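The following exercises treat a two-chain model, each with a worked solution. Please consult the sequence and the structure while reading.

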Amino acid sequence: MDERSLGFVNQLIEKTEQGKLQWSTGFEDGQFKTIVPEGDLVFVVQSNPEMRKFMILDNYQDVILEEEISPSVLQNVQIQANQPKLIMLYNNIGQLQNLVRASALKVNEKLEKAEKFLSAI
Amino acid sequence: MIFFTESLPRDWFDWTNAGIGVVGLLFTLWAVLQATGAKQAAVSTEKSVKKHNAEFDFDTLTRMAKELHGYVESGMMSEAKLRTTDLRTELAVAIRHHEAYLGTQASLLKSKQADLKLVTDGLNRKADDLSQTERIRLLGITGAILDLLAGQCGQLHSATETGVTNG
C-alpha cells in the first residue's frame, strides 16, 4: 500500500463533502470518476462485494496510483494486527464511494422528487 | 558642411555610382518583400497541411468509433474490446499531434479518453460477463464518443474550408 493513498482518499472525501468535485459514473458497476479541469488527472473509485479500488490516472491515462483491496485479505489476522492503515483505507474508500455515488447519481435530488411525487398523488 | 559638399556627386562617374547604389537598394528592398511574402505563404501552407492532417486523422477516428459503437450495439464484445484498445491508442496520438487545432474540445476529448481507459480495463477483465447496466453504460459511452468525434471532424472540416481554427 502506498502511504499517500489514504491522504488522497481523505482529501477527496473532504472536497466532495464541500461540493468542490463533480463525479460521474465510470463504466463498471459501482465505479465513479472525477476529472480535474483540462483532463490532466482522473480520480477513480470503485466498490463492489469483491473489492474496493482507488486509482489516479495522468493526462495520458496511465495509472500513477492504484490500490485494490479485497475484503478477504482484511480477514487475515496478521494484516488486522500489522496494517491498520490498510483497513482504514478500505473503509474510507467505501465511505468515498457512498459519497460520490450520491453526487454522481444525484441521489438527494431524485429522492426529493420521489417524495414530492408520492405526496402529490 | 565640408563632408556634405565633398559627398555630393560632381561628375558623371559619381552620378553613375549613386544611381547604381539607389537601384541596388531598391532591388534589396524588393527581395526582402518577396522573401517575407514567401515565408508567409510557406507558414500558411504548413498550417493548411496540418489542418488537413488533423481532419484526416479525426475522420479515421470517427470511423473507428462508429465501428466500435456498431460492435457494442450487436453485442460483439470481443471485437469491441479490440476496437476500444485501437481507438484509445489512436485518439491519444491524435490529441497529442493536433491539440493546437482542438481548442476547447481538447479537454472533452481527454475525458473521453478516460472513459476509454475504464472501458478497456473493464472489457479486458470481463468482456463476456457484463451486467445489463454495464452494457447500457457502454452503449452510452461509445455513442457519446462517436458524437464528439463526428462533431470534431465537422468542425475541423469547416475550419479547413474557412481557415479558422476551433476554440
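Two residues are in contact if their C-beta atoms, placed from the backbone, lie within 7 Å. The model is predicted: local features need pLDDT of at least 70 and side-chain atom pairs pLDDT 80 or more, while totals for chains, interfaces and linings use all residues. Residues are numbered from 1 along each chain as its sequence is written, with chains lettered from A and ligands numbered from 1 in the order in which they are written.

**Exercise 1.** Describe the fold and dimensions of chain B.

*Solution.* 
1. Chain B has five helices and zero strands, where helices (H or I, at least four residues) and strands (E, at least two) are DSSP runs, numbered from the N terminus. The order from the N terminus is α-α-α-α-α.
2. The C-alpha trace of chain B spans about 100 × 25 × 20 Å along its principal axes.
3. The radius of gyration of chain B, taken over C-alpha atoms, is 30 Å, whereas a compact globule of 167 residues would have one near 15 Å. The globule rule is 2.2 Å times the number of residues to the power 0.38.
4. Among contacts in chain B with a separation of 6 or more, 72% join residues 24 or more positions apart.
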